[in-house]
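Visitor: I'm new to this one. Could you show me how to read it, step by step?

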2 protein chains.
Amino acid sequence: MSGPPPPARAADLESADRRLRKLAEAAGAEEVPAPALIPRATLERAGYPEAFPHLLFAVAAVADPAAEEGLLEPGNLASPGWCLSPAACYHVYPRLAGESVHRPRVFTVRGRCFRNEAGEVPGVRLREFEMREVVVLGPGEVEVERLLAGLARRLTSLAARAGITGGWEPAEDPFFLPRSAAKALMQQLLETKQELRVGAGERYALASVNHHGTHLCERFGITAPGGGPAASGCLAIGLERWVTAAREAEERR
Amino acid sequence: MSGPPPPARAADLESADRRLRKLAEAAGAEEVPAPALIPRATLERAGYPEAFPHLLFAVAAVADPAAEEGLLEPGNLASPGWCLSPAACYHVYPRLAGESVHRPRVFTVRGRCFRNEAGEVPGVRLREFEMREVVVLGPGEVEVERLLAGLARRLTSLAARAGITGGWEPAEDPFFLPRSAAKALMQQLLETKQELRVGAGERYALASVNHHGTHLCERFGITAPGGGPAASGCLAIGLERWVTAAREAEERR
C-alpha cells in the first residue's frame with residue numbers, strides 16, 4: 001500500500017457508472033433521478049429510521065434566522081422535513097406507491113448517499129458517497145429473486161473483466177439494536193442480504209443484493225394483481241469502491 | 001408555455017457542464033471536488049450564516065438513536081457538524097487557507113448546492129441544484145476583476161451559441177436583513193454582483209459574477225505577497241437553468 005487513495009475523480013466515477021448503467025439497461029431498467037434530499041416521510045414510511053437511526057442525517061432549516069445566539073444549534077432548528085438519502089433505492093418506491101405491479105419492473109438509479117459513519121476509510125467508507133442501484137419489483141418473490149441473481153452474476157463478470165475478484169457472502173450490517181420492532185426487521189433483513197466482498201482479505205463490500213420480500217412494497221402500498229403486496233429487491237454498487245477496487249487490481253498487475 | 005419542464009436529466013446536465021468546464025479549462029483552471037456536505041465551520045468562517053441564515057440547511061445526526069419519541073425532532077438532534085453547500089466556491093477557500101497567492105490562480109468546481117427556497121420553480125428555482133463555478137484568486141483586485149470580466153464575456157458568447165440571450169444586470173439577492181453585521185456585508189456584496197438574466201422577460205439569472213474583493217481571502221487568511229489579504233471573485237452558472245434556457249431557446253426556433 002502507498003498511503004490512502006486520493007478522492008475518486010468525477011471522471012473515474014462516471015466511467016465506472018457507465019458500465020454499471022449498461023448492465024442495468026440490458027435488463028430493461030428505467031432510469032429514475034435521485035436527489036440527495038429525500039422527504040423524511042419517505043424514509044419513515046420505509047421504516048429506515050427505526051432500523052438505522054445512528055446512520056441517518058436529518059436536514060433542518062433555521063427556525064429563527066434573526067437569532068443572535070445558537071443560530072445553527074438544535075434549539076434553533078426547524079423540525080426536519082428532509083433527510084439525506086441513505087441509499088438510492090428509496091427514491092423508487094414512492095413513484096409506485098398505490099400502484100399494482102402486473103409483471104416484473106426494473107428501475108435503475110445513481111444517487112449521492114450519506115451515512116453518519118463513525119470513522120471514514122478513504123475510498124471505502126465515506127459519509128458521502130455514490131451508489132448505482134438496480135431495483136426489481138414484481139408480483140412474486142421467486143421471479144424477483146431470479147432477476148436479481150442474474151444481475152448479480154453479470155456484475156461478478158463485469159468486475160472480473162476489470163480485474164476485481166471476490167466472493168459473495170451473507171452481509172453483517174451494523175443495525176441499531178435496542179428497539180424491538182427494529183429487531184424483527186433486522187432478523188428479516190440479515191438473512192436476505194448478500195455482499196460481494198473484494199480487496200485484500202476481502203475487506204470491503206463492492207456490491208450487495210438485498211431481498212426485501214414484500215416488506216417495502218407493503219409499506220408503500222404497491223400490490224400484486226391478487227391484491228397482496230408485491231415483492232422487491234435491489235442490487236447496489238458503491239461507485240467509489242469500484243474505483244478503489246479497480247485501482248488496486250491495476251496495481252497488482 | 002407547455003406546463004412546467006420535467007427535471008433536468010443527468011445527461012443534459014453533464015452535456016451543459018462539459019462546455020462550461022472547457023471554458024474554465026481554457027482559463028487554466030484547476031478542478032476542485034465539491035461534496036454536498038460542507039463543514040459548518042467553513043461556512044461560519046466565510047460569514048455565510050450571518051448573511052443568509054434563512055437559506056441555509058444544517059445537517060444533524062441523531063443524538064440518542066434509542067429515543068422512543070421524537071427521534072428526528074430538533075430536541076434529539078446533535079449539534080450540526082455540517083451544512084449542505086449553498087454554493088460550490090466555498091470548497092475552494094479552505095484549500096488555500098494560510099497560503100500566499102503570488103500570481104492569479106483559477107479553480108473550477110461543479111457542485112450540488114442546496115438552499116431553503118420558500119417556493120420552487122421547476123427548472124429555475126430549486127432547493128437542490130447544480131452549479132459550475134470558476135473561482136479566481138490573485139494578489140490584486142484589478143487583475144482578478146479583469147480575469148472575471150474575460151470569463152463573463154466568453155460565457156455570454158457560449159450562451160449565445162446555444163441560442164441563449166440576455167443581459168448582465170446588478171443583482172438583487174434576497175439577503176436576510178435584521179442583523180447589523182450582515183447588513184454591512186450585504187451592502188458590500190450588493191454593489192459587486194452582476195447577473196446574466198435570461199428567459200422570457202429576463203426573469204431568471206443564468207449566471208452571476210461575484211466580486212468578493214478581499215473579504216473572503218481575509219476570512220480564510222489567504223494573503224498577497226505584501227502581507228495583506230489577497231483578492232477573489234467567481235463566475236457561477238446554474239446547470240439546471242442552462243438546460244432550461246437552452247430548451248426554451250430551442251422551442252423558440
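Predicted model: local features only at pLDDT ≥ 70, side-chain atom pairs only at ≥ 80, totals over all residues.

Guide: Let's start with where the chains meet. The size of an interface is often given as the accessible area lost when the parts come together. Here chain B and chain A bury about 3300 Å² between them, with 66% of that on carbon and sulfur atoms.

Visitor: How many residues of chain B are in contact with chain A?

Guide: There are 38 residues of chain B in contact with 38 residues of chain A.

Visitor: And how do I read the way the two copies are arranged?

Guide: A turn of 180° with a shift of 0.0 Å along the axis puts chain B on chain A, with an RMSD of 0.0 Å. That is how a two-fold axis relates copies. Both copies use the same surface, too: 100% of the contact residues of chain B recur in chain A.

Visitor: How many salt bridges does the rule find across the interface?

Guide: The rule finds two salt bridges between chain B and chain A. For an example, look for the side chains of B:E73 and A:R40, which meet at 2.7 Å, N to O. As for polar contacts, 10 residue pairs make them between chain B and chain A.

Visitor: Which elements give two or more residues to chain B's side?

Guide: They are α2 (40–46), β3 (57–61), β4 (82–84) and β5 (105–114) of chain B. Of these, β3(B) gives the most, with five residues. Sorted by class, chain B's side of the contact has 27 nonpolar, three polar and eight charged residues.

Visitor: What should I look for when strands pair?

Guide: Strands of a sheet pair through backbone hydrogen bonds, either parallel or antiparallel. In this model, β3 (residues 57–61) of chain A is joined to β3(B) by five bridges, and the two run antiparallel.

Visitor: In what order do the seven strands of the open sheet in chain A come?

Guide: Follow β1-β5-β6-β10-β9-β8-β7 in chain A, with mixed pairing. At the edges stand β1 (30–31) and β7 (166–170) of chain A, each with a single partner strand, so one side of each has no neighbour in the sheet.

Visitor: How is β7(A) joined to β8 of chain A?

Guide: Five bridges link β7(A) to β8 (residues 193–198) of chain A, and these strands run antiparallel. Within that pairing, A:G166 stands opposite A:V198 in β8(A).

Technical notes
Residues numbered from 1 in each chain as written. Chains lettered and ligands numbered in written order. Heavy atoms only, no water. Least-squares fit on C-alpha atoms with pLDDT ≥ 70 in both. Contact = heavy atoms within 4.5 Å. Buried area = accessible area lost by both parts, 1.4 Å probe. Salt bridge = Lys/Arg side-chain N within 4 Å of Asp/Glu carboxyl O. Polar contact = N/O pair within 3.5 Å; in protein donor to acceptor, adjacent residues only side chain to side chain. Helix = DSSP H or I, 4+ residues; strand = E, 2+ residues; numbered from the N terminus. Nonpolar A, V, L, I, M, F, W, Y, C, P; charged D, E, K, R; others polar. Pairing = 2+ DSSP bridges.
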